[in-house]
Structure formats: C-alpha cells, structure tokens
Amino acid sequence: MSRLLLLVGICFSLSFSFQIKKNLSEYSIFSGDPKELIASDGFIHYDLITPLFTDYAFKHRLIYIPEQSKIEYKERDVFEFPEGSMIVKTFYYPHDFENINQGVDLVETRLLVHETSGWKAYPYIWNDEDTDAVLSVAGGIRPVSWKDKKGNHAIDYIVPNMNQCKGCHVKDGKFVPIGPTARQLNKDLDYHDGIYNQLDKWHDLGLLDNLPDIIPKIADWDDPASGSLDKRARAWLDINCAHCHNTQGPAKTSGLFLDYYQEDPKALGIYKTPIAAGRGSGEFEYDIVPGDPDHSILVYRFNSTDPGVMMPELGRTMVHQEGLQLIRDWIYSLR
C-alpha cells in the first residue's frame, strides 16, 4: 500500500491541506493496541539524546514524511521538513518507572503538521481507557500517578492549548519544531531489523540527503560518560530553555541566550543583570553568579513552581530535581 494512503485524512494536490480529525485513531498512527506504541507503516520512530523535561513524562516520538519528499539537513538548526510532514509525540507514564512491563498510562499526543501555511500544533488527550485520544484545542488537565525509586507520585498533568504551543515553538516569528536537530538525533536506536544510527537510517530510507561525514552530537545531560559537566549542563539548557532564549526566540529581548553554541559568557547569564525579571529575579542581582548557585537567578527560577517565577514557564508543574542539581553543580564549577 502506498505511504500516501496510510495517513488517513491527509490529501495532496498542488498544495497540502490537513483534514483535522476529532479522534486520533482516525489517522491510523498506531498499529494494534495504542498502549503498545507500535507505529503503523509510514511512521518512523525516533528519539532525542537530551529531551525536554515535562513532569517526568516518558515520550514516544514518530515522524511521517510524504512519499518522494526529503528532509533538508541543517548543521545547527532544526531540520527543514517538507510540506505534509507530521511529527507525533505521545506523552505517557509507566505505572512503575522501574518496571515498564507493568503497564503505562497514555496522557496526550501532540501532532505537529507542516501545512502549506506553515507548522500547526494539534493536542489530543487520551481517554481513561487509553483506547483513543480526542482533539482538545483548549488543552486540559489529566490526573496521573506513578511509582519510582523515590516513592509514589500523583499530579494534575497540564495539556497545553494550541496558543500555548505557539508560545514555545516560535523562531523569527514562525512556528517551528524544537527537537529534531542533527546534534539531538545523532544516536543509535533499536529498530525491528537491528540497531542503527537514526540519521543513517533516515538516509538509507531515502528521507534525508546530504548527510555529512562529521555530524555534531549533543551530550546526554544524565550520562557523565557522554560529556563534561559543562557539556551536559549546556545540553539541558539548550533543550529546556533555548527554544525561547535565543536571538530569534520569544525571549530575545532578555539578552539571555542559552543555546548550545553560545560562547559569550554574559549572554549565557554570567554576571548578567536581568532586563525585566520582576519578582522572578528573587531579588538576586545576576542570572548566574559563578561558584554561587544559591544567589543565581537561574537556580531560583528552576527551583520554583510559582507560575509568576518558574522557568520554563510551560510544560511542568514540578521541579526537575536532577536537572536542577546538574545546573547547580555546573554553576558551582564556574568559580
């Protein structure tokens, strides 16, 4: 069967138009029981080296590329995806983080669709039975619970609305994806026919051309073997903060630029006074005080769940304790 026919609800002519559906099941993204997270033909599983923190949710990522279309490789920026591309990200919680075989709870699936007019985001919330998800333009709240080595946890998980999605996915005034960059995708993944580097796999499938011999690779924030403390901290800041805090992002007027390739110490926040942080500064003077995380605004804001103080502003109701400790250790090392 043609890959074009596998994506129900999408049609191609001289331009691309997306036929939005009420139920996620109408797109035939998953094969069989959705809780198994097995992709239908035409969708390719992918993963990131250092993902964005979202209240400890696990994330399952898929991509669909229209037939006879190619992804354009970019060395530093997010790849350029052709019209008709779809990025699928499903957020879920295993009942027991130490034993995923005990079952999972599907919470939301976000579709990013590259239409003729640009990228659009469509949030879907899963029902209590995890049999289907329903489009929720206004977002919503789902109670979730899980167990890990620290004990039992329960939160009200917040699904962002469509406008909130735009708040983060904007660069130079245009809606764009955040994660799919060469540095984030340069990792091995277990496919049905073996373990391959994701970018090599995409190239072999004919989805990606002009793959260079040397490809950048970001550090894994949680793996000391993947890079230095500096590289791992910068990786965490890059994915959690830099989608806004870059020279073309929503926080460009702040002067605080936290992207992976930033080399200016002051732009990174070192002895930088905030422009308009308000009470978000915690009455501290600098974004980063080398050697003193307890008097650094970044630590103060990462350690907060107050909507008027916390950073990132969206996508969490909890403090990422392990990420916070990483940033604290990094700031202390700058002394």
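This is a predicted model: local features need pLDDT of at least 70, side-chain atom pairs count only at pLDDT 80 or more; totals for chains, interfaces and linings use all residues.
Residues are numbered from 1 along each chain as its sequence is written. Local features need pLDDT of at least 70, side-chain atom pairs count only at pLDDT 80 or more, totals for chains, interfaces and linings use all residues, and side-chain values use heavy atoms, without hydrogens or water.

Six strands build an open, antiparallel sheet in the order E3-E4-E5-E6-E7-E8. Strands (E) are DSSP runs of at least two residues, and helices (H or I) of at least four, numbered from the N terminus. Two strands pair if DSSP finds at least two bridges between them. Strand E3 (43-46) and strand E8 (133-135) are the edges, each pairing on one side only. Strand E7 (residues 118-126) pairs with E8 in the antiparallel sense over three bridges. Trp-126 stands opposite Ala-133 in E8.

Asp-96 lies in the loop between strand E5 (86-94) and strand E6 (104-115). Asp-96 is buried, with a relative accessible area of 9%. Buried means under 20% relative accessible area, exposed over 50%, and partly exposed in between (1.4 Å probe, protein chains only). The Asp-96 side chain reaches the backbone nitrogen of Glu-98 at 2.9 Å. Leaving aside neighbours within four places in sequence, Asp-96 is in contact (heavy atoms within 4.5 Å) with Gln-102 and Lys-147.

Helix H5 covers residues 229-240. Nine of its 12 residues are buried, so H5 is largely enclosed by the rest of the structure. Among them are Arg-232, Trp-236 and Asn-240. The cover over the buried residues of H5 includes helix H3 (182-185), helix H6 (297-302) and helix H7 (321-333).

Terms used
The expected span of a helix is 1.5 Å times one less than its number of residues. A polar contact is a pair of N or O atoms within 3.5 Å; within protein, one must be able to donate a hydrogen and the other to accept it, and residues adjacent in sequence count only if both atoms are side-chain atoms.
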